[in-house]
Amino acid sequence: MNPGAVFEPSRRLRNVTESATLRLNAKVNQLRSQGRDIINLTTGEPDFDVPSAAKAAVEEGLRKNLSKYTPVAGIAELRERIAARTSRQQPTVVAARGEWKASHVVVTNGGKQAIFNALLATVDSGDEVLIPAPYWVSYPDMAKICEGVPRILSTTLESGWKITPEQLREALGPKSRILFLNSPSNPTGAMYSRDELRALGQVIRSHPEASRLIVISDEIYDRIVLDRVQFCSFAEACPELVDRIVTVNGLSKSAAMTGWRVGWSVAVPAITEALAMLQGQSTSGINSLAQAAAVAALGLPESEFEGQVSMYRRRRDVALEILHKAGRIKMMSPQGAFYVLLGVEGYFKPGEDATAFCERVLEDAGVALVPGDPFGMPGTVRLSFATDETSLASGCRRFVDYLNR
Ligand code: PLP
């Protein structure tokens, strides 16, 4: 029997692509199983340990037998902590509209589900989803699953990998439904300043075609700020747009809790009710023990995480210093997150693309990088510095030596 013969995926899945990173990681594992020494600079997750307070909360949760269903949108204590954290980040919204409350929060299975909920609850077939490129790989495919049409807004290294107000003005049209913003960005580490966000908000406020537009502001890297700049939430920069902003965040990156799957959305009641309804008919409330851990992690002072951020900062500096020795790499120093996007087209062999280049570097130099194509930026590769300094430095050195050979 051929079990696949009768199965056809739904129409909405037909244009969705599988993760290129997974393929590359399979290759890394294959080479390692052959005894090759591979330095993996592809990881999208912190290499730090989970806060011990979160671990203790789970042990305590087990003792208390926290094994029952929780409310769809999350336990009250967690939603309150998330609301309080968001209020601290958005004092201007608080001044204009009052504190964020637990009822504005939906706790989700990672930031990913918060984004998916927001798309599924808002996008109708044929609606346009505006996505600045380079983008996080999942945005376009998620939009397609929701029968939306991704509309890519390209940026350049020269523009700091950020869209301009003019670009947004031109892109907006009658079908515009969603604008994605992601600051700090995966994969570029670019951060929008308050003024830059305000300028984008001004376009949304004044544009005749923007009346249905919802902004999904993905702020999952908010804590990982590497330069002496301040993170600014989109709602904080544009409080007058708060009725159409879904702020997405979570503990995956900020508390190194990727596997615990704790994310959330914060939005006004009309949006939050739709998101909670959707979640109630799909996945329900997230794992009860992970919620207990999240309450503990959110109770920790900011100072608890400063060490991690300064390590990321140091690693970035170490990596950039080495990478600068390859004269034809084009790059911008990332202001946030833990990635640097490298323009490596100058090193391509005839007919080669970034994927083939990454395969060659992996085979020949034993360094794994992610090609930029699935991030919407051909000609580039993404290097992650969420790895220990020694491996990172030798990976960068190997890569540069190989390119300079
Ligand atoms: N948004 C961005 C920009 C990301 O890089 C990621 C994870 O890599 C996510 C969202 C999803 O995070 P989570 O693991 O919490 O679902």
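Author: A cavity here is a set of points, on a 1 Å grid over the protein atoms alone, where a 1.4 Å probe fits but cannot get out, and lining residues have an atom within 4 Å of a point. A volume is the space filled by probe spheres set on the points, which are joined across faces, edges and corners. This is a predicted model, in which local features need pLDDT of at least 70 and side-chain atom pairs pLDDT 80 or more, while totals for chains, interfaces and linings use all residues. Residues are numbered from 1 along each chain as its sequence is written, and side-chain values use heavy atoms, with hydrogens and water left out.

Reader: How much space lies in the second largest cavity?

Author: The second largest cavity holds about 50 Å³ of space, and its lining includes Leu-181, Asn-182, Phe-231 and Cys-232.

Reader: And the largest one, what is closest to its centre?

Author: The largest cavity has about 120 Å³ of space, and of its 17 lining residues the closest to the centre are Pro-132, Pro-134, Asn-182, Ser-185 and Tyr-192.

Reader: Switching to cysteines, how many disulfides does a search of the whole structure find?

Author: The search finds zero, a disulfide being a pair of cysteine sulfur atoms within 2.5 Å.

Definitions and conventions. 1 Å grid on protein atoms, 1.4 Å probe; cavity = no way out; pocket = protein on both sides within 12 Å on 5 of 7 lines; lining within 4 Å.
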